[in-house]
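Please open the structure in a viewer and keep the selection tool at hand.

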Amino acid sequence: MAESAGIQQGSPAVGAAGSAPAAPGAGGTAGSGSAAPAAGTEGSGSVPAAPGAGGVTGSGSVPAAPGAGGTEGSGSVPGAGGTEGSGSVPGAGGTEGSGSVPGAGGTEGSVRGTEGSFRGMEGSVPAVGSARIAVKKAQLRSSPRPKKLEKLGVYSSCKAEGACKCNGWKSPNPPPTPPRTDQQSNAVNLQDPCRSCSHTLGDHVTHLENVSEDEMNRLLGIVLDVEYLYTCVHKEEDADTKQVYFSLFKLLRKSILQMGKPMLEAHDNPPFERPSIEQGVNSFVQYKFSHLPSKERQTIVELAKMFLNQINYWQLETPSQRRQRGPNEDAAGYKANYTRWLCYCNVPQFCDSLPRYETTQIFGCTLLRSVFTVMRKQLLEQARQEKDKLPPEKRTLILTHFPKFLSMLEEEVYSHSSPIWSQEFLLGSTGLQIPIHTGRTCTNNPMQSGTEKQESLILNT
């Protein structure tokens, strides 16, 4: 039976997302914009509405993911690891005027090397979580088929006659908590009774008898994503982020029960704004630097790539963090974009059962404007702190050229008359011809296109 709930834009965000994995934990990430997460039917496995206005299930608690090592109410989740905090972002130091960014011939390799170091430092915490999950998935997928059935039985409803309502097998002999690693686990017996409904493990997995190994492995991957999201829900202190984690947890949980593919459905689907951030930055390079010699222009192109890479791995502020910095005009829009970012860009980096998109390809100038000032400040601050650790060949590039690039880009990002967000500019920016200035096309609210449009986020369980 599907239950539906409508979440207004002003309420805690629930949604769909993906870039750098939002490192679960007490620390927040910060975000922007307007949300369009999931709506769907029970059969589609779309994102369910997180109950409650300020947290998860009125009390702020979350029902325990049923696991082989605990009852549904015990909060015991086997195999769920977690990471905490969010990575800091290295960057560039020292700002200068908005004159032209001098080309540094022969620095292309240095730019690419710097880009890698930026990403490595910023994404270190999430990368650990992603790597841990990948190892667990590989181990589980290499297990004997009975072990796989046992794991999936924990998330499979009972098929015994008599319309049993048990929604997951629970071991009659749960392992100790924490589990002991010095002993081999007992062999799986499909005749073991469920601690909840007394029907056998085999009664819970009859639907898997003829399932291929590939399909079994796909479902096992979702199982570990469910367990990881469960940990995220309990570690996260920010209410908005917690709700998104919980909604995605329920979505993946349901997709295992229904043997479906997790689908994020929404009133709006990616991309959420055109031109995208990537297209706008490319237009900026064309607009400001097409006159440079090819060698110098290539350096600018690499600086642009480095900047775009930073956005793709940037941890957004939570809406509450952003409010604490000061009043803002589009709080609802930022919360909506934060929700979208979590669901389509951030969470899929450590839960690969969900489709993943790059932030720079599905968001546009609205999101960029909401994060650019803070992002630029932190990049420059980090560069100043790390300058002594930079190789000599990279210092000029990062401490001089990159800040100038950011200063010039900032002017265009916040200008009400810059052509870089114009579709006409984008279409005409092939070659070295600069199209006639066509004015600004970016709107303050990405939910508005032509006519006023205020959407509610409708999510189904």
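This is a predicted model: local features need pLDDT of at least 70, side-chain atom pairs count only at pLDDT 80 or more; totals for chains, interfaces and linings use all residues.

In which loop is Pro275 found? Select Pro275 and the elements on either side: this residue is found in the loop between helix 7 and helix 8.

**Stop 1: the loop between helix 7 and helix 8**

A cis peptide bond joins Arg274 and Pro275, with omega at about -5°. Next select Pro270 and Pro271, which are also joined by a cis peptide bond, again with omega of about -5°. Pro271 is found in the loop between helix 7 (239–257) and helix 8. Most peptide bonds are trans.

Now move to Met259, which lies in the loop between helix 7 and helix 8. Met259 is not a glycine, yet its phi is positive, at about 55°. Its relative accessibility is 26%, so Met259 counts as partly exposed.

**Stop 2: helix 8 against helix 9**

Select residues 277–289 for helix 8 and residues 294–312 for helix 9. The two axes come within 10 Å and cross at roughly 155°. Helix 8 is therefore roughly antiparallel to helix 9, as the angle is over 145 degrees. The crossing of helix 8 and helix 9 is right-handed.

Show the side chains at this contact. Helix 8 contributes Ile277, Glu278, Val281, Val285, Gln286 and Phe289. From helix 9 come Arg297, Ile300, Val301, Ala304, Phe307, Leu308 and Ile311. The residues of this contact of helix 8 with helix 9 comprise 10 nonpolar, 1 polar and 2 charged.

**Stop 3: helix 9 against helix 14**

On the helix 9 side, display Thr299, Ile300, Leu303, Ala304, Met306 and Phe307. These meet Leu397, His401, Phe402, Phe405, Leu406 and Leu409 in helix 14. The residues of the contact of helix 9 with helix 14 divide into 10 nonpolar and 2 polar, with no charged residue.

**Stop 4: Lys335**

Select Lys335 in helix 11 (residues 331–344). Is Lys335 buried or exposed? Lys335 has a relative accessible area of 8%, which is under 20%, and so is buried.

**Stop 5: Ser198**

Next, centre the view on Ser198, in the loop between helix 4 (145–153) and helix 5 (201–204). Ser198 has a positive phi of about 75° although it is not a glycine. Most residues other than glycine have a negative phi. Ser198 is exposed, because its relative accessible area is 55%.

**Stop 6: the whole chain**

The chain contains 15 helices and 3 strands. It has 461 residues, of which 53% count as buried. The chain exposes about 19200 Å², and carbon and sulfur atoms supply 50% of that area. Among the contacts with a separation of 6 or more, 82% are between residues 24 or more positions apart.

Conventions: Residues are numbered from 1 along each chain as its sequence is written. Side-chain values use heavy atoms; hydrogens and water are left out. Helices (H or I, at least four residues) and strands (E, at least two) are DSSP runs, numbered from the N terminus. Buried means under 20% relative accessible area, exposed over 50%, partly exposed in between (1.4 Å probe, protein chains only). Contact means heavy atoms within 4.5 Å. Accessible areas come from the Shrake-Rupley method with a 1.4 Å probe; for residues, only the protein chains shown count as cover. Axes are lines fitted to C-alpha atoms, for helices over the stretch in contact, and angles run from 0 to 180 degrees between N-to-C directions. Angles under 35 degrees count as roughly parallel, over 145 as roughly antiparallel, 65 to 115 as roughly perpendicular and the rest as oblique. A crossing is left-handed if the near helix is turned anticlockwise from the far one by less than a right angle, and right-handed if clockwise. Ala, Val, Leu, Ile, Met, Phe, Trp, Tyr, Cys and Pro count as nonpolar, Asp, Glu, Lys and Arg as charged, and the others, Gly among them, as polar.
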